[in-house]
Amino acid sequence: VRALRVALFLELLHEPLDELALEAREVVHEERALEVVVLVLEGDRETPLPWSNVIANPDFGTMVSASGATFTWSENSRENRLTTFANDPVADPTAEAWFIRDDVSGERWSPTPGPMRRDGKSGRIVIEHAAGLTRFSRVHRGIRHTLEVFVDAVDPVKFSVLTLDNLGPDARSLSLIAYNDW
């Protein structure tokens with residue numbers, strides 16, 4: 001299943017699109033279907049409203065929107081928030097974020113659509129919401145980014161796995177900054 005999902009994701013990252021594409025696709029493997037919502041944002045385009053994915057085990061979880069806005073809780077999402085939650089579907093603010101800085105040029109960006117402002121030249125971002133996983137993928141400033149967000153099936157642990165691939169011939173010096181609003 002993972003290989004099929006990764007192949008679909010890479011295809012969408014480079015597929016030509018004229019309009020904002022919001023697609024729900026099924027990935028079928030050994031007679032088991034998994035619903036996968038794939039969102040493709042081009043440049044500064046946004047979804048009409050936040051598309052969110054709740055990823056949780058019985059005692060711990062996180063909610064991730066298509067913009068990358070995230071909050072995390074333990075035991076109860078209302079009473080035991082580990083990071084803040086604004087409940088604002090229009091602004092879609094985040095309590096957790098990742099930032100990347102080019103140490104030579106000083107340029108900064110995020111591997112997710114938000115919270116940094118994008119413009120028409122920001123390129124394509126592909127977001128996959130699936131059972132137990134949200135994945136963001138983009139190529140920006142010569143760096144391929146893949147951010148996978150998931151929680152352990154049993155333990156109260158959240159994973160944000162960011163993979164960066166330098167697509168250019170020159171070495172790059174980058175800094176990764178994590179933000180959490182406690």
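Student: Is Phe159 buried, partly exposed or exposed?

Tutor: Buried means under 20% relative accessible area, exposed over 50%, and partly exposed in between (1.4 Å probe, protein chains only). Phe159 has a relative accessible area of 31%, so Phe159 is partly exposed. This is a predicted model, in which local features need pLDDT of at least 70 and side-chain atom pairs count only at pLDDT 80 or more, while totals for chains, interfaces and linings use all residues. Residues are numbered from 1 along each chain as its sequence is written, and side-chain values use heavy atoms, with hydrogens and water left out.

Student: Which ring is stacked with Phe159, and why is the pair called stacked?

Tutor: Rings of Phe, Tyr and Trp (its six-membered ring) pair if their centres lie within 6.5 Å; planes under 30 degrees apart count as stacked, over 60 as edge-to-face and the rest as tilted. The structure holds 3 aromatic pairs. The ring centres of Phe150 and Phe159 are 5.1 Å apart with planes at 20°, so this pair is stacked. Phe150 is partly exposed, at 24% relative accessibility. Elsewhere, ring pairs join Phe71, Trp73 and Phe85 into a cluster.

Student: Which residues make the nonpolar surface patch?

Tutor: Like charges are joined within 9 Å, and nonpolar side chains (Val, Leu, Ile, Met, Phe, Trp, Tyr) within 5 Å. Accessible areas come from the Shrake-Rupley method with a 1.4 Å probe; for residues, only the protein chains shown count as cover. Val157, Phe159 and Val161 make a patch of about 190 Å². Val161 is partly exposed, with a relative accessible area of 35%.

Note on methods: Patches are made of residues with over 30% relative accessible area and no salt bridge: like charges are joined within 9 Å, nonpolar side chains (Val, Leu, Ile, Met, Phe, Trp, Tyr) within 5 Å. A salt bridge is a side-chain nitrogen of Lys or Arg within 4 Å of a carboxyl oxygen of Asp or Glu.
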